[in-house]
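I wrote each entry as I looked the point up.

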Amino acid sequence: MLKLIVCIKQVPMASELPWDSKTGTLKRDMAEGMMNPACKHALEAALQIKGHHGAHITTLTMGPPMAEEILRESLAMGADRGILLTDPRMAGADTLITSYTLARAIIKNCPDFDLILCGCHTSDSETAQVGPQLAEELDIAAVAYVEQVEITGRRVSIQRESDDFLETLEMDMPGLVTVTTTGYPPRYAPMSGLQIAFDAGDILYRNMEDLGLESAAVGMKASPTRILDVYSPTARKRNIVFRGTAKKSAENLFEQFGDKLSGAMAKDLKTHDHNRNDDE
């Protein structure tokens, strides 16, 4: 039976994220949480693999105790086990230390995995770094921004769109993929699944000591990334009125803003093919 790991993350549901201006980190306990959308697509991909081939799915997350909610949700959707890495000393980790901590948890708790699935990015940071960094920590092959996954024996066939081309790639297991939100629309959790998720005790809780880590190797203290400032961008707009005939106004528009317009439309709007037949 295949052994799949799906890394999921709880992200704030609020449209305006509560930042701690002193530490440059999110105040996650002040906002209602939800499963990161891309992670839910990755979970759906794992569930479809399970349906076709048979598999045991472990969902893994790192966060405060309230992150247990998304593990319960994953069990309701069809996952078999959840692992929650929760320890105040792990808080504030950047993507590098998060990947390192997740890798240690996988090595300790499910070293014989076949495939790891992650969301391609998270809605609260958009770095898209944890999946590839996790693959580096585990020294396994990885493919990012995957739209379709097929498994034949010990080989994974992957489709993704890259630079307007559809790529088909193959890799041997064990490996890691990050899944986009294009494919694998997530299913709804059935009522029977919700009851199972909250009645079952299939969630493991792991702290720093359980992973064999020291305080100097986790959390904000170990993270090399430093956030200097966090702010909400403000849009600055100005109105410009062109006077005269439509032809003159269009000429003035392209004269002043042709570069920006051509960049937005992926072609040079200033150019004109004088060789074209006027009847075309």
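Entry on the cores. I began with the largest nonpolar core of this predicted model, which has 37 residues, and I asked which members touch the most others. They are Leu 4, Leu 115, Leu 117 and Val 177. Helix H1, residues 37-53, gives this core its largest share, namely seven residues. In soluble globular proteins, nonpolar side chains tend to be buried together.

I looked up the surroundings of Val 177, setting aside residues within four places in sequence, and listed its contacts as Leu 115, Ile 116, Leu 117, Cys 118, Val 143, Val 146, Val 149, Ile 158 and Met 171.

Entry on the whole chain. I noted seven helices and 14 strands for the protein, and 38% of its 280 residues count as buried. Taking contacts between residues at least 6 apart in sequence, I found that 69% of them join residues at least 24 apart.

Entry on cysteines. How many disulfides does the structure hold? I found zero. I checked Cys 7, which is in no disulfide, and noted that its nearest cysteine sulfur belongs to Cys 118, 4.1 Å away; a disulfide would require the two sulfur atoms to be within 2.5 Å. Cys 7 is buried, with a relative accessible area of 9%. Cys 120 is likewise in no disulfide, and the nearest cysteine sulfur to it, that of Cys 39, is 8.8 Å away. I recorded Cys 120 as buried too, at 5% relative accessibility.

Entry on a three-stranded sheet. I traced an open sheet of three strands, in the order E10-E11-E12, with antiparallel pairing. Which strands stand at the edges? They are E10 (148-152) and E12 (165-172), and each has a single partner strand, so one side of each is left without a neighbour in the sheet. On average, and with direction ignored, neighbouring strands here are turned by 20° against each other.

I went through the two pairings in turn. Strand E10 pairs with strand E11, residues 155-162, in the antiparallel sense over five bridges. In this pairing I found Gln 148 bridged to Gln 159 of E11, and Thr 152 bridged to Arg 155 of E11. The two strands form a hairpin with two residues between them, and Gly 153 in the turn has a positive phi of about 65°. Strands E11 and E12 pair in the antiparallel sense over eight bridges, and there I noted Glu 170 in E12 as the bridge partner of Ser 157. E11 and E12 also form a hairpin with two residues between them, where Asp 163 in the turn has a positive phi of about 50°.

Entry on helix H4. I listed the buried residues of H4, which spans residues 130-138, as Gly 131, Leu 134, Ala 135 and Leu 138. Why do they lie on the same side of H4? They cover an arc of only 100° around the axis, which puts them on that one side. I then looked for what covers these buried residues, and the elements include strand E1 (2-7), helix H3 (95-109), strand E8 (115-119), strand E9 (141-146) and strand E13 (175-179). After H4 comes Asp 139, and I noted that its phi is positive, near 60°.

Not counting residues up to four places away in sequence, Ser 74 touches Ile 8, Met 35, Leu 43, Thr 59 and Ala 79. I also noted that the C-alpha atoms of Ser 74 and Ile 57 are separated by 9.6 Å, the two residues being 17 apart along the chain.

Thr 101 has its place in helix H3, and I found it buried, with a relative accessible area of 1%. Leaving aside neighbours within four places in sequence, Thr 101 is in contact with Met 62, Leu 85, Met 90, Leu 211, Leu 213 and Val 218.

Key. Residues are numbered from 1 along each chain as its sequence is written. This is a predicted model: local features need pLDDT of at least 70, side-chain atom pairs count only at pLDDT 80 or more; totals for chains, interfaces and linings use all residues. Side-chain values use heavy atoms; hydrogens and water are left out. A nonpolar core is a set of buried Ala, Val, Leu, Ile, Met, Phe, Trp, Tyr and Cys residues joined through side-chain atoms within 4.5 Å. Buried means under 20% relative accessible area, exposed over 50%, partly exposed in between (1.4 Å probe, protein chains only). Helices (H or I, at least four residues) and strands (E, at least two) are DSSP runs, numbered from the N terminus. Contact means heavy atoms within 4.5 Å. Two strands pair if DSSP finds at least two bridges between them. Axes are lines fitted to C-alpha atoms, for helices over the stretch in contact, and angles run from 0 to 180 degrees between N-to-C directions. The arc is that of the directions from the helix axis to the C-beta atoms.
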